[in-house]
Amino acid sequence: MSYFVTVTFDLTQPDPSVYCKVHSELENIDFSKFISARKRIPKALPNNTFVAEFDDDNFDRSSEVCAYVSDEINRIFKKHAVVGKYFVASGRKWAWKMGNAG
């Protein structure tokens, strides 16, 4: 079984070019801006939202995965001299739904 992890963030008054750098850093730790169901075309997630699957061989609890990802986000923000808020959610038995509203 694996952990499904969702990350979303807002930066406070960043240089616009820093978003690409932060996105690239998240991709380096296996996060993606796209999600796909079995045998379906990947769909783009909302801005600054990323997902990843982490093998449960590396973590015993969801809280450990969240702590790891939080540490990585703090490292990335510090490296690129940006500040902002973020949200990390992790779970084993997961489901997701994506759509358009309005």
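Me: Is E25 buried or exposed?

Reply: This is a predicted model, and burial is read from relative accessible area, with buried meaning under 20%. E25 has 9% relative accessibility, so E25 counts as buried.

Me: Which residue forms a salt bridge with E25?

Reply: To call a salt bridge, look for a side-chain nitrogen of Lys or Arg within 4 Å of a carboxyl oxygen of Asp or Glu. Here R75 pairs with E25, and their closest N and O atoms are 3.6 Å apart. The pair links distant parts of the chain: E25 is in helix α1 (residues 18-28) and R75 is in helix α2 (residues 62-79), 50 residues apart. R75 has a relative accessibility of 36%, so R75 counts as partly exposed.

Me: Which residues are linked in a network of salt bridges?

Reply: Check which residues are joined through their salt bridges. In this model the network links E25, E72, R75 and K79.

Me: How many salt bridges are there by this rule?

Reply: The count comes to 5. Among them is the bridge between the side chains of R92 and D56, at 3.9 Å from N to O. This pair also links distant parts of the chain: R92 sits in the segment after β5 (84-91), D56 in the loop between β4 (49-55) and α2, and they are 36 residues apart. R92 is partly exposed, with a relative accessible area of 34%.

Me: Now the cysteines. How many disulfides does the structure hold?

Reply: A disulfide is a covalent bond between the sulfur atoms of two cysteines. In a model, the test is whether a pair of cysteine sulfur atoms lies within 2.5 Å. This structure holds 0 disulfides.

Me: Is C20 buried or exposed?

Reply: Exposed means over 50% relative accessible area. C20 has 60%, so C20 is exposed.

Me: And is C66 buried or exposed?

Reply: C66 is at 19% relative accessibility, so C66 counts as buried. The cut-off for buried is under 20%.

Terms used: Residues numbered from 1 in each chain as written. Predicted model: local features only at pLDDT ≥ 70, side-chain atom pairs only at ≥ 80, totals over all residues. Heavy atoms only, no water. Buried < 20%, exposed > 50% of the residue type's maximum accessible area, 1.4 Å probe, protein only. Helix = DSSP H or I, 4+ residues; strand = E, 2+ residues; numbered from the N terminus.
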